[in-house]
Amino acid sequence: MLILFVKLFITFFKIGLFNFGGGYAMIPLIQHEIVEKNHWMTNNEFTDIIAISQMTPGPIGINSATYAGYQATYNTIATATAGGEMSNMTHHLLSITGSFIATFSVCLPSFILLLLIAKMLVKYTANRNVKQLFAGLRPVIVGLIAASALLLMDSSNFGFATSERIISVLICAGVFLASWKYKIGPITLLIASGLLGLLIY
Amino acid sequence: MNLQLTLFTTFFKIGMFTIGGGLAMLPLIERDVVEKHKWIDKKEFLDLMTIAQSMPGIFAFNFAILIGHKIDQTRGSILCGLGTVIPSFLIILAIAISFSDFKDNAYVAKIFKGMRPAVVALLLVPLISTAKTSHLTIKTGLLAIAVTLLITFADINPVYIILAVALSSVLYGNIVYKKRHKNDKSC
């Protein structure tokens with residue numbers, strides 16, 4: 001358990017330290033660490049976390065880190081104690097600890113950095129190096145968001161059967177148009193596509 | 001009500017009621033911090049916003065820390081930071097705990113099956129707007145495509161890519177700067 005918590009701390013500290021360009025650019029970072037590298041959850045579960053993070057108040061980065069920390073701990077315990085000797089209550093409490101560690105450590109790097117800046121330099125102005133850094137990272141941020149869309153566009157999310165895939169592509173195209181052209185809010189669109197899923201499947 | 005409590009509740013309220021990420025919080029923060037409480041002026045607000053954006057991490061949290069520090073030093077930072085994070089944390093926990101018990105429900109599974117393609121669609125919109133505001137050239141456009149392919153198909157850790165590009169762009173910037181400096185002197 002302790003090993004998992006230390007791993008969660010290091011993982012989310014790293015994500016917080018290297019997250020440039022907002023919540024959407026953070027998605028592939030979390031996806032790589034949580035799904036690909038540590039296998040703490042499936043791509044399906046991760047996509048559901050992003051959906052819920054977009055529908056609930058607060059920054060998407062905080063929401064998804066909190067949820068991912070919870071789910072990672074929950075799944076690891078479920079696999080380790082497949083016999084079921086742990087009570088439901090303890091299971092939830094340990095998962096809450098995991099989500100606390102994830103949220104705390106994703107915030108920690110920028111908290112330290114910004115307090116140092118606020119303490120040391122009263123008049124901070126972005127210097128040449130910081131500006132250069134951001135100019136260089138701009139295309140990377142575009143690539144990160146594109147990767148996050150492609151990573152979530154797999155069979156586990158779009159269905160294995162052809163009929164499911166067609167429905168998924170239609171929902172995806174429809175939501176994209178509604179959001180891009182008609183500026184309909186993400187919550188409305190997610191609820192609508194959820195209801196569609198309920199009706200069709 | 002004392003200052004510390006007001007700081008915390010102000011950011012708690014903002015964190016509790018803004019949906020749509022950090023940028024959606026900006027007008028609310030401005031209204032409360034600049035107009036209502038007059039803790040900082042508009043210029044300071046914009047300066048702090050620039051610093052918050054030029055640092056890694058979650059923008060809304062960074063901004064809350066800086067505003068808190070301006071008003072009440074480290075104590076202010078901690079209070080504003082906590083105020084921003086705690087609502088998200090509690091709401092997500094409530095959902096995560098209840099959801100883990102009926103995730104296997106057939107109806108819930110169907111709802112999420114319909115929602116997953118929508119999540120992808122909702123990433124395409126910020127992708128296009130970010131690509132537009134980035135003013136991509138052929139060179140930087142190719143870099144963006146390379147990053148996409150490396151992460152998606154070569155399974156490379158995005159952290160390494162960010163680190164490599166960050167270091168090389170600072171290095172490149174310095175070389176260009178020194179060259180220009182030398183040329184200026186020789187003229």
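Visitor: What pattern does chain A follow, read along the sequence?
Guide: In this predicted model, chain A reads α-α-α-α-α-α-α-α-α. That is nine helices and zero strands.

Visitor: And which elements does chain B have?
Guide: Chain B has seven helices and zero strands. From the N terminus on, the order is α-α-α-α-α-α-α.

Visitor: How does the radius of gyration of chain B sit against that of a compact globule?
Guide: Chain B has a radius of gyration of 22 Å, but a compact globule of 187 residues would have one near 16 Å.

Visitor: How much of each chain counts as buried?
Guide: In chain B, 39% of the 187 residues count as buried. In chain A, the figure is 51% of 201 residues.

Visitor: What about contacts between residues at least 24 apart in sequence?
Guide: In chain B, 43% of the contacts between residues at least 6 apart join residues at least 24 apart. For chain A, residues 24 or more positions apart account for 67% of the contacts with a separation of 6 or more.

Visitor: Now the two chains together. How many residues are in contact?
Guide: On the chain B side there are 78 residues, in contact with 92 residues of chain A. The elements of chain B that give two or more residues to that side are α1 (3-17), α3, α4, α5 (106-133), α6 (138-152) and α7 (158-186).

Visitor: Pick one helix, say α3 of chain B. What length should it span?
Guide: Helix α3(B) covers residues 42-53, which is 12 residues, and at 1.5 Å a residue it should span 16 Å. Its end C-alpha atoms are 17 Å apart, which agrees.

Visitor: Which of its residues are buried?
Guide: In α3(B), the buried residues are L48(B), I51(B) and A52(B). Seen down the helix axis, they fall within an arc of 100°, so they line one face of α3(B).

Visitor: What covers them?
Guide: The cover over the buried residues of α3(B) includes α5 (88-120) of chain A and α4 (59-102) of chain B.

Visitor: And which exposed residues are on the face turned away?
Guide: K42(B), K43(B), L46(B) and T50(B) are the exposed residues carried on that face of α3(B).

Visitor: Different topic. Which residue of chain A has a positive phi although it is not a glycine?
Guide: One is K183(A), with a phi of about 55°. K183(A) is in the loop between α8 (162-180) and α9 (186-200) of chain A.

Visitor: Is K183(A) buried or exposed?
Guide: K183(A) counts as exposed, because it has 8 C-beta neighbours inside 10 Å.

Visitor: What is the phi of H135(B), and where is that residue?
Guide: H135(B) has a positive phi near 45° and is not a glycine. Its place is the loop between α5 and α6 of chain B. With 9 C-beta neighbours inside 10 Å, H135(B) counts as exposed.

Visitor: What scores does the model get?
Guide: The model has ipTM 0.89 and pTM 0.90. Chain B averages a pLDDT of 89, and 97% of its residues score at least 70.

Visitor: Which element of chain B has the lowest mean pLDDT?
Guide: That is α7(B), at 84, while α6(B) has the highest, at 93.

Technical notes. Residues numbered from 1 in each chain as written. Chains lettered and ligands numbered in written order. Predicted model: local features only at pLDDT ≥ 70, side-chain atom pairs only at ≥ 80, totals over all residues. Helix = DSSP H or I, 4+ residues; strand = E, 2+ residues; numbered from the N terminus. Expected span 1.5 Å × (residues − 1). Buried ≥ 20, exposed ≤ 12 C-beta atoms within 10 Å, placed from the backbone. Arc of directions from axis to C-beta. Contact = placed C-beta atoms within 7 Å. pLDDT = per-residue confidence, 0-100. Rg over C-alpha atoms; globule rule 2.2 N^0.38 Å.
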